[in-house]
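Thanks for taking a look at this one with me.

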Amino acid sequence: MNLPKKYIINAVTVLAVTLFFGCESNFKEVQKINFSEFVPGSDADTVSIKYTDSGRITGILKSRKMLDYSNLEFPFTEFPKGIDVTLYDKKQKRTFIKSNYAVSYKETGIIDLQGKVKITSETGQMLETEQLYFDQKNEWFYTERKFKLTDAKGVSYGQGIDFSKDFKVINSQRITGELEANE
């Protein structure tokens with residue numbers, strides 16, 4: 001049986017259209033199955049959080065926006081409009097931290113500070129960089145980014161630094177600058 005070309009082309013077109021629309025609806029269903037919501041469990045505007053240990057204030061965090069993602073498998077808190085933090089040591093000496101953006105990871109205790117990060121101690125030491133990590137458990141800061149460190153002895157520049165929150169221990173890499181030397 002020989003069918004005219006017109007019937008064969010129409011049959012192929014109908015079959016292709018049926019397969020196309022049939023697969024599209026299945027594809028959309030598959031997309032829905034693999035879709036997971038990435039929305040904060042809560043959010044807050046203009047927050048001021050006080051951290052305490054045995055009745056003693058250890059830190060005060062202020063931010064214009066906080067997004068809490070504690071509802072996710074790897075929980076974190078995001079501060080998209082930056083943070084202003086004051087840390088207190090056991091003698092109530094303060095360290096001041098500012099950044100344009102921050103993320104605090106609950107499980108690891110690491111805070112990722114980004115965008116014009118500035119840390120100042122009460123004694124006048126100041127570190128400026130574009131990204132800095134803070135290990136809350138060990139009270140230790142570190143970065144592999146370029147930095148500027150200013151203190152009473154002078155100004156130094158470098159790439160890569162880690163230090164204690166009170167600036168008593170500082171380990172820097174690839175450093176340049178002019179420092180005052182004691183003779």
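Predicted model: local features only at pLDDT ≥ 70, side-chain atom pairs only at ≥ 80, totals over all residues.

1. Leaving aside neighbours within four places in sequence, Glu-78 is in contact with Lys-65, Met-66, Leu-67, Tyr-69, Tyr-101, Ala-102 and Val-103. Glu-78 itself sits in strand β3.

2. Now the strands around it. β3 pairs with strand β2 (residues 56-68) in the antiparallel sense, over two bridges, and Leu-67 stands opposite Glu-78. β3 also runs antiparallel to strand β6 (residues 101-105), with four bridges joining the two. In that pairing, Phe-76 has Tyr-105 as its bridge partner.

3. Is β3 (residues 76-79) covered or open on its two faces? Both faces are covered: Phe-76 and Glu-78 are buried on one side, and Thr-77 and Phe-79 are buried on the other.

4. What does a buried Glu-78 do about its charge? There is no salt bridge here, and the nearest side chain of opposite charge, Lys-65, is 9.6 Å away. What Glu-78 does have is a side-chain polar contact with the side chain of Tyr-101, at 2.7 Å. Note that Lys-65 is still on the contact list for Glu-78.

5. Elsewhere, charges do pair up: the count comes to five salt bridges. One of them joins Asp-68 and Lys-106, with the closest N and O atoms 3.6 Å apart. Asp-68 lies in β2 and Lys-106 in the loop between β6 and β7 (110-121), so the pair ties together parts that are 38 residues apart in sequence. Asp-68 is buried, at 14% relative accessibility, whereas Lys-106 is partly exposed at 43%.

6. Glu-122 and Arg-94 form another salt bridge, their closest N and O atoms being 2.8 Å apart. This pair links the loop between β7 and β8 (126-135) to strand β5 (residues 94-99), across 28 residues. Both partners count as partly exposed, Glu-122 at 41% and Arg-94 at 34%.

7. Then there's Lys-165 with Glu-139, at 3.4 Å between the closest N and O atoms. Here two loops are linked, 26 residues apart: Lys-165 is between β10 (154-164) and β11 (170-172), Glu-139 between β8 and β9 (140-151). Lys-165 is buried at 9% relative accessibility, while Glu-139 is partly exposed at 38%.

8. Last one: Asp-43, Asp-45 and Lys-65 belong to one network, joined by salt bridges that share partners.

Technical notes. Residues numbered from 1 in each chain as written. Heavy atoms only, no water. Buried < 20%, exposed > 50% of the residue type's maximum accessible area, 1.4 Å probe, protein only. Pairing = 2+ DSSP bridges. Lys, Arg positive; Asp, Glu negative; His and termini not counted. Salt bridge = Lys/Arg side-chain N within 4 Å of Asp/Glu carboxyl O. Polar contact = N/O pair within 3.5 Å; in protein donor to acceptor, adjacent residues only side chain to side chain. Contact = heavy atoms within 4.5 Å.
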